[in-house]
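Please read them beside the sequence and the coordinates.

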Amino acid sequence: MVEGLVIALVAGLCAGALYVASAARVIRQYERGVVLRLGRLRDDVRLPGFTMVVPGIDRLRKVNMQIVTMPVPAQDGITRDNVTVRVDAVIYFKVVDPTNAVIAVEDYRFAVSQMAQTSLRSIIGKSDLDDLLSNREKLNQGLEVMIDSPAVSWGVQIDRVEIKDVSLPETMKRSMARQAEADRERRARVINADAELQASKKLAQAAGEMSAQPAALQLRLLQTVVAVAAEKNSTLVLPFPVELLRFLERAQQQPAVEGAGAGRTGRQSSANGATAQPPSSSGDGSPLPDAEAPLPERRTSEESAAPPTPTPPAAPSSSEQPFAHH
């Protein structure tokens, strides 16, 4: 009898150990347990730690409550301004209701992934290319709202959605590069024109100051020569001063005017002497030979330089004219 009782006790202990081993479950800190007993949902959600289920009757589903980082595959689409782009994104979400994540949807991860892809395509079609490139924060918020609306009933909360990259065709990249280059060139030209305008105003003021003092122009010329001569890798060509040219021109004009006045005075005196001198005669009343005839007047430089005035040809007589009518 004693041996039978011992054997029964040992068998019971072994069966109890097997039952505990098959019924024991351990739930981690970042997990929650949902129990289905004979296919029916148990109201209580198993918390982290050690828990027991009925083997063969209860089925425990563990749900991860951590934030999940899921990349969204790149989607090809056409923007509102008819530009073909390829956009990929990343989505951050977590389960807030483990019961709905198990009961309401078959696979909440796959459902969130498909919803993110369709929402990304919709965002691409509603946006312009400039919005995709420069206004991503607004697009991220719109994409988050579109995904979060159906995900609430699945027990999933969308934390954040980010558009990672926007791939453009090569032709569009070249066009945008040319546009940016043209814009930069336009700005550079406007800045240069503004600088030229300001410089011209300052130069006009400087010219006004230098016109009052002509020596300032010579000083400025010398300063320029000094600045150029500082670098010994160039040949210096010194221009002839304009003021010196004007001085030489005035010096040449003064002798010419004085010579012309002296010539006119000599002609007037010779003419007066020829008129007042009486004809000389000998003692017998016969005129003396013209031994001292007046010398011909010398022409001045102006008269010698002036070409002779051509005389107009005489008109032919009526007899010399051919085909004359009598």
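1. E185 is partly exposed, with a relative accessible area of 39%; buried means under 20%, exposed over 50%, and partly exposed in between, using a 1.4 Å probe and protein chains only. The side chain of E185 meets that of R189 in a salt bridge, at 2.9 Å from N to O. A salt bridge here is a side-chain nitrogen of Lys or Arg within 4 Å of a carboxyl oxygen of Asp or Glu. R189 is exposed, at 58% relative accessible area. E185 and R189 are separated by about one helical turn because they are 4 residues apart in helix α6. Helices (H or I, at least four residues) and strands (E, at least two) are DSSP runs, numbered from the N terminus.

2. The model is predicted: local features need pLDDT of at least 70, side-chain atom pairs count only at pLDDT 80 or more, and totals for chains, interfaces and linings use all residues. Residues are numbered from 1 along each chain as its sequence is written, and side-chain values use heavy atoms, with hydrogens and water left out.

3. Helix α6 (residues 170-212) also holds R187 and D183, which are 4 residues apart and so separated by about one helical turn. They form a salt bridge in which the closest N and O atoms are 3.4 Å apart. Both are partly exposed: R187 has a relative accessible area of 42%, and D183 one of 28%. A network of salt bridges links D183, R186 and R187. As background, an α-helix has 3.6 residues a turn, so residues three or four places apart point the same way.

4. How many salt bridges does a search of the whole structure find? The search finds 10. One further pair is R160 and E162, whose side chains meet at 2.4 Å, N to O. R160 counts as partly exposed, at 40% relative accessibility.

5. On the overall content, the protein chain has 9 helices and 8 strands. Of its 326 residues, 19% count as buried. The chain exposes about 24300 Å², and carbon and sulfur atoms supply 58% of that area; accessible areas come from the Shrake-Rupley method with a 1.4 Å probe, and for residues only the protein chains shown count as cover. Among contacts (heavy atoms within 4.5 Å) between residues at least 6 apart in sequence, 64% join residues at least 24 apart.

6. The largest nonpolar core has 35 residues, and those with the most contacts inside it are V85, I91, F93, Y108, V156 and I158. Elements that each supply at least two residues of this core include β6 (68-78), β7 (84-95), α3 (108-126) and β8 (156-167). The largest share, 7 residues, comes from α3. A nonpolar core is a set of buried Ala, Val, Leu, Ile, Met, Phe, Trp, Tyr and Cys residues joined through side-chain atoms within 4.5 Å.

7. Helix α3 has 19 residues and reaches 27 Å from its first C-alpha to its last, close to the 27 Å expected at 1.5 Å a residue; the expected span is 1.5 Å times one less than the number of residues. Its buried residues pack against β5 (58-64), β6, β7, α2, α5 and β8. One of these buried residues is Y108. Leaving aside neighbours within four places in sequence, Y108 is in contact with V63, N64, F93, V95, A101 and V156.

8. Leaving aside neighbours within four places in sequence, Q117 is in contact with V72, P73 and Q75.

9. L38 is not a glycine, yet has a positive phi of about 55°. L38 lies in the loop between β2 (31-37) and β3 (40-46) and counts as exposed, at 68% relative accessibility. N82, in the loop between β6 and β7, has a positive phi near 60° and is likewise a residue other than glycine. N82 is exposed, with a relative accessible area of 66%. Most residues other than glycine have a negative phi.
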